[in-house]
Amino acid sequence: MEEEKRETQNQPAEEEDQIVNPWEVAAKDGGKIDYDKLIDKFGCQRLDQTLIDRVHRLTGRPPHVFLRRGVFFAHRDFNEILDAYEKGKKFYLYTGRGPSSEALHLGHLVPFMFTKYLQDVFRVPLVIQLTDDEKCMWKNLTVEESQRLARENAKDIIACGFDITRTFIFSDFDYVGGAFYKNMVKVAKCVTLNKVQGIFGFSGEDHIGKISFPPVQAVPSFPSSFPHLFSGKDDLRCLIPCAIDQDPYFRMTRDAAPRIGYHKPSLIESTFFPALQGETGKMSASDPNSAIYVTDSAKVIKSKINKYAFSGGQDSVEKHRQLGANLEVDISVKYLNFFLEDDAELEHIKKEYAAGRMLTGEVKGRLGSVLSEIVERHRAARASVTDEVVDAFMAARPLPNMFD
């Protein structure tokens, strides 16, 4: 099996060119993440144009900008989800968030923006897991603080526009038990200590809470974990949109699934959203100047971009006019690749900037406008998310329009 093969190839961190796991993303000597090497190491597949065209054909909707531009670039058995869908068989979506900060940054929004697109075009139900238990253990937060952050983060997630008639949001502290816990035990019995150490790099210094956590993130992949939603639908397939650092959890899950009578979950995986200071991994919530937050004002967004966004432009106007910008390292261009919807405008900016006809200040100015509009729209949507709305999304209830 692909999963079994990859799990035996774990090397000590000091011998690796890059470290990518759910808790750490780093390349050797501060370099860029090599996604081709990551695909090879993890054993997933490159998301090619054939699959993107197939999504377009099956949904009748234009592919999301994150698909068109390679933000979501890898997958596991996404083709099987499309095969089933083409035969009239629905599936459900599963994604999540580890609530460790008060506010989300734009990188946190990427999987939710894409998941909303998938929910809309395929018209399928969605479960969103808030791993407040995980963050309590990894970030040394109290149980109460983890629960509070989960509800605050839920407001930002809901503000992305999810359909309440097709969406169930749950926190682990509140929901784990019953059928969900039974599946956790089944998965746990399939995974040896050696295997979990090989996949996640746990050591004898880690407390047993960390070692016991992976089944918690695994079992939302199985429909029977949600009897109020999917009773009698144990054959339902699951698609998980996530960043590729979450892949180790689901390599483990895919290995266990057929042994306990379930389909392997399918995955569609994204690159990391880079820090303002450069593309050396993913943004850090511990450094507020590395990211644009959904709570930032337009003035703060403009200031952060102008001050911190790494430029591929030259160090003088004269030299820039002569040599043009290096688009491979320019963060403003990379952010526009995520968030500027207009393909023609993006190509125009890249062409003019690379030729030296457009200056760094102009590109940063356009990025500031794009991001300020997104953040302001999100802020307005979040303002309408009351505690009662959160309670409604998190109530364990049937979803009446699940597959309409």
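Tutor: A polar contact is a pair of N or O atoms within 3.5 Å; within protein, one must be able to donate a hydrogen and the other to accept it, and residues adjacent in sequence count only if both atoms are side-chain atoms. The model is predicted, so local features need pLDDT of at least 70 and side-chain atom pairs pLDDT 80 or more, while totals for chains, interfaces and linings use all residues. Residues are numbered from 1 along each chain as its sequence is written, and side-chain values use heavy atoms, without hydrogens and water.

The chain has a mean pLDDT (the predictor's confidence in each residue, from 0 to 100) of 92, and 95% of its residues reach 70 or more.

Asn-21 belongs to strand β1, residues 18-21 (strands are DSSP runs of E, at least two residues, and helices of H or I, at least four, numbered from the N terminus). Asn-21 counts as buried because its relative accessibility is 15% (buried is under 20%, exposed over 50%, partly exposed in between, with a 1.4 Å probe and protein chains only). A polar atom of its side chain lies 2.7 Å from the backbone nitrogen of Glu-24, and the side chain of Asn-21 also reaches the backbone nitrogen of Trp-23, at 2.8 Å.

Now the helices. The axes of α3 (residues 49-59) and α5 (residues 78-86) come within 11 Å and cross at roughly 25°; axes are lines fitted to C-alpha atoms over the stretch in contact, with angles from 0 to 180 degrees between N-to-C directions. Therefore α3 is roughly parallel to α5, a label for angles under 35 degrees, with over 145 roughly antiparallel, 65 to 115 roughly perpendicular and the rest oblique. Residues in contact (heavy atoms within 4.5 Å) include Leu-51 and Leu-58 of α3 and Phe-78 and Leu-82 of α5.
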